[in-house]
Amino acid sequence: MEYLILKYLEGTASNEEKQTLLKWIRENESNKNEFHEIRDLWITTGNVLSETSGSQEAFSRFKQNVDDYEDAGQQKRTWVRILKYAASVAVLIVCSVGMYMLGSRRWENESFQTVVNQTIVRNEKTYLLLPDGTKVWLNKDSKISYPDSFSDKQRVVTLEGEGYFEVVHDETSPFFVETKGMTVRVLGTMFDVKNYSSDVVSETVLLSGKVEVYMEKCQEPILLSPDQKVSYDKQTGDYRVANVDAPEYALWKNDKLVMDNEELEAIFKKIGRWYDVDIVYDRNLPLKTRYSVTITDEPKEEILRLLSIISPVKYKIENNQIIISRK
């Protein structure tokens, strides 16, 4: 499985090999952790294990030596541990030559660059520029983590909450947005990802380009086209792809929130997040009933009044809390 992981990280794995790897990762938590460790090490070492013939040869010799000297009854070393030793061999090779070319990247000062993750946490909407030039808008109560420099072979960020991305196109370096239970893979495109820990459903909406969406409990990735949205139930593993007016889902970055044919419970959560208030509601309300609401600069009282007209609810505001009950 180790070489299959490397092929995936290099972007040379076939669709069939991707499916095999995905199935193996989902078999248990240990496999998932091993994949993440290998991926992180692959990024941190600048892909030196897979891209340079010298270090590859050193790795092959080193791995063979490990296999030859292990006792028959001893538990075999894990791939991650072998990679770490192989990486140290590669370091010695690089240090011995002083300056080493890795594709278009140059290692100087006889040392490897290290990847330092930066984490941005915001309670308000925020715009930021990633190291590759990708533009990101974070919605309220969202967090993003990314390295100070991306790998030549892939760009990986992790997201909690909601983010709108305009990814710089690079065919040789796919862009990954990882969230709990869902990973989005792109080459260069505009899309919105929403996955708050308090929400049961996570969403990806594509505005342009193409993305592959990998979901934890689904056997195959979903390929989205522009103006499509995939909604994923993190509890049941069910998903639904729908045709939508995708730009409407990114209007929040310009201070406009559009809720089109959404369940009442989801509307409550979005209103609470938009106005930064705590909403408490009666569980006996028709929470699965769908409505359409658009918010721009209206005060929360106006939106609540509208909801009380179009749905069987009433509300009262106490300090920073909104209490909603049935009429």
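Glu263 has a relative accessibility of 22% and therefore counts as partly exposed, where buried means under 20% relative accessible area, exposed over 50%, and partly exposed in between (1.4 Å probe, protein chains only). The model is predicted, so local features need pLDDT of at least 70 and side-chain atom pairs count only at pLDDT 80 or more, while totals for chains, interfaces and linings use all residues. Residues are numbered from 1 along each chain as its sequence is written, and side-chain values use heavy atoms, with hydrogens and water left out.

**Exercise 1.** Find which residue forms a salt bridge with Glu263, and state which parts of the chain the pair ties together.

*Solution.* A salt bridge is a side-chain nitrogen of Lys or Arg within 4 Å of a carboxyl oxygen of Asp or Glu. Glu263 forms such a bridge with Arg290, and the closest N and O atoms are 3.6 Å apart. Next, we place both residues: Glu263 lies in strand S16 (residues 257–263) and Arg290 in strand S18 (residues 290–295), so the pair ties together parts that are 27 residues apart in sequence. Strands (E, at least two residues) and helices (H or I, at least four) are DSSP runs, numbered from the N terminus. Arg290 is partly exposed, with a relative accessible area of 37%. Finally, a network of salt bridges links Glu263, Lys288 and Arg290.

**Exercise 2.** Describe the salt bridge between Asp132 and Arg155, and decide whether each residue is buried or partly exposed.

*Solution.* The side chains of these two residues, Asp132 and Arg155, meet at 2.5 Å, N to O. Asp132 lies in the loop between strand S4 (126–129) and strand S5 (135–138), whereas Arg155 lies in strand S7, so the bridge ties together parts 23 residues apart in sequence. With 22% relative accessibility, Asp132 counts as partly exposed, but Arg155, at 3%, is buried.

**Exercise 3.** Classify the ring pairs Phe150–Phe175 and Phe165–Phe191.

*Solution.* Rings of Phe, Tyr and Trp (its six-membered ring) pair if their centres lie within 6.5 Å; planes under 30 degrees apart count as stacked, over 60 as edge-to-face and the rest as tilted. By this rule there are six aromatic pairs. For Phe150 and Phe175, the centres are 6.2 Å apart and the planes stand at 65°, so this pair is edge-to-face. Both Phe150 and Phe175 are buried. For Phe165 and Phe191, the centres are 5.2 Å apart and the planes stand at 10°, so this pair is stacked. Phe165 and Phe191 are buried as well. Ring pairs link Phe150, Phe165, Phe175 and Phe191 into a cluster.
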